[in-house]
Amino acid sequence: MCNKVALGGTFDHLHIGHRALIDKALESGCKSIVIGVVSDKLLSSKALSMLIKPYKIRSKKVMEYVKKKTGNKINIIIEPLNDPYGATICGPDIDTIIVSEETLPRAIEINVIRTQHGLKPLNIIIVEIVKSEDGRPLRATRVRLSEVDENGKLLANMSLDF
């Protein structure tokens, strides 16, 4: 039985890839979900960071999405991520992590750190990377640039054919 599942991300422009991660957490059967949302402090390394909405707005959108899906039937904890790990490296009650194929190496790193600290490794659930209409990975950066919408539909042809 799953006690607590964790996932994390920037969650800017809550797109279908983000929703797939959250939905997988909701489907996990865990009693509690911890969603780490990258803090404003940690954003400076992100592409087009000046265009990313503030933490308060992003975390509110995540909570609204979860509540719309579940009501208040599951315990949801949203916390700022000030580093790449959040509560996953020290939370003894967290037993599962949801990651994309792209972030799987981070989950493996988390398990190494947990083991070094005498904690059980997390069960890793991998979600396939969601692709946009053009078959390329859907990323919030592409949404920020108005190349695709939050559902992966193409908005602009970004090819530079001359």
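Reply: Leaving aside residues up to four places away in sequence, His18 touches Phe11, Asp12, His13 and Ala140, where contact means heavy atoms within 4.5 Å. This is a predicted model, in which local features need pLDDT of at least 70 and side-chain atom pairs count only at pLDDT 80 or more, while totals for chains, interfaces and linings use all residues. Residues are numbered from 1 along each chain as its sequence is written, and side-chain values use heavy atoms, with hydrogens and water left out.

His18 lies in helix H1; helices (H or I, at least four residues) and strands (E, at least two) are DSSP runs, numbered from the N terminus. With a relative accessibility of 11%, His18 counts as buried. Buried means under 20% relative accessible area, exposed means over 50%, and partly exposed is in between (1.4 Å probe, protein chains only).

Phe11, one of the residues that His18 touches, sits in the loop between E1 and H1. Phe11 is buried too, at 2% relative accessible area. Its phi is near 60 degrees, a positive value in a residue other than glycine. Most residues other than glycine have a negative phi.

Two strands pair if DSSP finds at least two bridges between them. E1 (residues 4-9) and E2 (residues 32-38) pair over 6 bridges, and Lys4 stands opposite Ser32 in E2.

Phe11 also belongs to the largest nonpolar core, which has 20 residues. A nonpolar core is a set of buried Ala, Val, Leu, Ile, Met, Phe, Trp, Tyr and Cys residues joined through side-chain atoms within 4.5 Å. Those with the most contacts inside this core are Leu7, Phe11, Ile22, Ile33, Ile35 and Val62. E1, H1, E2 and helix H2 (55-70) each supply at least two of its residues, and H2 gives the most, with 4.
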